[in-house]
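Subject: Structure handover

Hello,

Here is the structure I promised to pass on. Please open it first, then read my notes below.

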Amino acid sequence: MSALIATGITRRYSGFNALEDVNFSLAAGERRALIGPNGAGKSTLFDILGGQREPSSGTITFDGQDITRQPAHQRALNGLARTFQRNNLCQALSVLENIRLAVQAHGKAKHDLMRHAKAHTAIVERAEQVLENMSMSSLAMRRAGELSYGDQRKLEIAMAIASEPRVLMVDEPTAGMSPAETAEMVAVMQNLPRSMSLLIVEHDMDVVAALADRTTVLQNGIVIAEGSWDDVRNSEVVQRAYIGGQRTP
Ligand SMILES: Nc1ncnc2c1ncn2[C@@H]1O[C@H](COP(=O)(O)OP(=O)(O)OP(=O)(O)O)[C@@H](O)[C@H]1O
Ligand SMILES: [Mg+2]
């Protein structure tokens with residue numbers, strides 16, 4: 001069953017279409033990479049799926065519900081989580097406190113736990129569990145602002161996971177990371193439960209090859225290829241799209 005479906009998405013800017021009649025669907029539990037040369041429309045599609053931008057036309061459904069006009073925070077409460085290229089952390093708070101806030105912001109925790117006397121303990125326990133799953137327990141008491149760049153990006157993903165989303169969208173998870181940090185990030189994402197679908201925008205083709213079940217390629221706002229990494233990598237259309245660009249698949 002498809003978790004997230006975009007149908008006929010077009011996004012017009014004055015004089016051109018950043019996206020043109022894009023059809024895209026992400027199955028439950030699937031891991032998908034979205035790639036394409038600079039300016040292809042990847043971030044625009046990401047924002048439209050996440051609710052940060054509206055399409056000029058087209059519809060988006062999530063678990064069968066039309067969410068085309070639903071605000072981003074409502075989508076997040078319903079299980080569509082995303083991280084941003086720019087850091088979204090409370091730098092002055094500890095790693096554990098950042099996760100605790102993310103757990104608390106989640107709808108289920110609000111309704112089921114907050115009323116009870118043990119609410120605080122339950123939330124902290126959940127936050128500790130998330131940290132353990134991410135192999136970040138040793139960093140729990142460190143201030144977020146003191147972490148390395150790679151650990152800050154990992155913390156952002158931990159915060160998104162804290163809400164137990166059904167779809168996790170991550171924007172360039174390895175951008176600016178060292179090879180060691182990149183390898184760690186790939187391991188973190190490989191260990192995510194399959195109850196969660198994963199959609200990443202990624203420029204590092206080794207990361208795409210390691211993580212994605214399928215890859216979607218955008219060029220000039222149009223989906224030019226979609227399939228397994230081998231199919232996409234060997235596609236003439238895709239190879240042509242990258243000729244002259246800075247990056248090759
Ligand atoms: N607010 C805007 N107004 C006008 N044009 C825009 C706007 N936002 C994006 N664009 C244009 O839309 C096209 C797609 O941009 P987008 O940022 O989605 O590309 P991208 O695939 O994410 O590229 P990159 O790999 O460089 O991040 C580009 O030509 C961009 O200049
Ligand atoms: Mg972009």
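**What I found**

The chain has an accessible surface of about 11,600 Å², and carbon and sulfur atoms account for 49% of it. Accessible areas come from the Shrake-Rupley method with a 1.4 Å probe; for residues, only the protein chains shown count as cover.

Some ground rules. This is a predicted model, where local features need pLDDT of at least 70, side-chain atom pairs count only at pLDDT 80 or more, and totals for chains, interfaces and linings use all residues. Residues are numbered from 1 along each chain as its sequence is written, chains are lettered from A and ligands numbered from 1 in the order in which they are written, and side-chain values use heavy atoms, leaving out hydrogens and water.

**The chain overall**

The secondary structure comes to ten helices and ten strands. Helices (H or I, at least four residues) and strands (E, at least two) are DSSP runs, numbered from the N terminus. Of the 249 residues, 50% count as buried. Buried means under 20% relative accessible area, exposed over 50%, and partly exposed in between (1.4 Å probe, protein chains only). Take the contacts (heavy atoms within 4.5 Å) between residues at least 6 apart in sequence: 66% of them join residues at least 24 apart.

Ligand 1 is surrounded by 13 residues, counting a residue as near if one of its heavy atoms lies within 4 Å. The closest are Gly39, Gly41, Lys42, Ser43 and Thr44. A polar side-chain atom of asparagine 38 lies 3.1 Å from a ligand oxygen. For glycine 39, a backbone N or O atom is 2.8 Å from an oxygen of ligand 1. For serine 43, a polar backbone atom is 2.9 Å from a ligand oxygen. Taken alone, ligand 1 exposes 640 Å², and the protein buries 59% of that. Helix α1 gives the most, with three.

Helix α1 spans residues 42-50 and is mostly covered, with eight of its nine residues buried. Among them are Lys42, Thr44 and Phe46. Just after α1, glycine 51 takes a positive phi of about 95°.

**Charged residues**

The structure holds 16 salt bridges. A salt bridge is a side-chain nitrogen of Lys or Arg within 4 Å of a carboxyl oxygen of Asp or Glu.

- Arginine 32 pairs with glutamate 30, the closest N and O atoms being 2.7 Å apart. Arginine 32 counts as buried because its relative accessibility is 1%. Glutamate 30 is buried too, at 7%. Glu30, Arg32, Arg214 and Glu226 are linked in a network of salt bridges.
- Glutamate 146 pairs with arginine 142, with 3.5 Å between the closest N and O atoms. Glutamate 146 is partly exposed at 42% relative accessible area. Arginine 142 is partly exposed at 35%.
- Glutamate 156 and arginine 153 meet at 3.2 Å, N to O. Both lie in helix α6 (residues 149-162), three residues apart, about one turn of the helix.

Which side chain of opposite charge is nearest to arginine 100? It is glutamate 97, 5.0 Å away. Lys and Arg count as positive here and Asp and Glu as negative; His and the chain ends are not counted. Arginine 100 is buried yet has no salt bridge. This residue is found in helix α3 (residues 95-105). Leaving aside neighbours within four places in sequence, arginine 100 is in contact with His120, Ile123, Val124 and Ala127.

Best wishes

Notes
Polar contact = N/O pair within 3.5 Å; in protein donor to acceptor, adjacent residues only side chain to side chain.
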